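Please view the sequence and the model together while reading.

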Amino acid sequence: MAAELEDRFGPLPKQVGELFNVVRLRHVMIKLGFERARIRLGQMSLQFISDQNSPYYKGRLFTSLLRYVTAHPKNFIFRQDNNKLSLTVKSINSVETAVNRLNGLLEDLERETESEKPTGL
């Protein structure tokens, strides 16, 4: 869509690019099971799905995410406050960086979940 707008109207203002990045961030957040994000002071804080009974918490994606995060403690911090689970991602200074990191995380988790599937008989 950004390419279409640029083709039609010329170079897009920086703010429009940031808006597209916010939409991309929201999209990958939902795929990973996060409801909210906040980027501040070089870190991104992500809130997990608030419904503690959600099937998400029993699924492969969440299990893989837990494994991945615990294997990379220098990059992530898990927190639980007032029954709300959050994940802090370090070294995030822009929405674009956040999108790239979460997309990379999603790709890694999808590869891991694919490798766990049983092979055909």
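## Charges

The protein chain carries 18 positive and 14 negative charges, whose mean positions lie 7 Å apart. In this count Lys and Arg are positive and Asp and Glu negative, while His and the chain ends are not counted. Each charge is placed at NZ of Lys, CZ of Arg, CG of Asp or CD of Glu.

## Basis of the model

The model is predicted: local features need pLDDT of at least 70, side-chain atom pairs count only at pLDDT 80 or more, and totals for chains, interfaces and linings use all residues. Residues are numbered from 1 along each chain as its sequence is written, and side-chain values use heavy atoms, leaving out hydrogens and water.

## Overall architecture

The protein chain contains four helices and four strands, arranged from the N terminus in the order α-α-β-β-α-β-β-α. Helices (H or I, at least four residues) and strands (E, at least two) are DSSP runs numbered from the N terminus. The C-alpha trace spans about 50 × 45 × 30 Å along its principal axes.

Of the 121 residues, 31% are buried. A residue is buried under 20% relative accessible area, exposed over 50% and partly exposed in between, with a 1.4 Å probe and protein chains only.

Among the buried residues of α2 are Phe20, Leu25 and Leu32. Just after α2, Gly33 has a positive phi of about 95 degrees.

The largest nonpolar core has 25 residues, and those with the most contacts inside it include Leu25, Leu32, Met44 and Leu102. At least two core residues come from each of α2, β2 (43–48), α3 (60–71), β4 (84–90) and α4 (95–116); α4 gives the most, with seven. Such a core is a set of buried Ala, Val, Leu, Ile, Met, Phe, Trp, Tyr and Cys residues joined through side-chain atoms within 4.5 Å.

## Two loop residues

Leu41 is not a glycine, yet has a positive phi of about 55 degrees. Leu41 sits in the loop between β1 (34–40) and β2 and is exposed, at 77% relative accessible area.

Asn82, also not a glycine, has a positive phi near 50 degrees. Asn82 belongs to the loop between β3 (76–81) and β4 and counts as exposed, at 74% relative accessibility.
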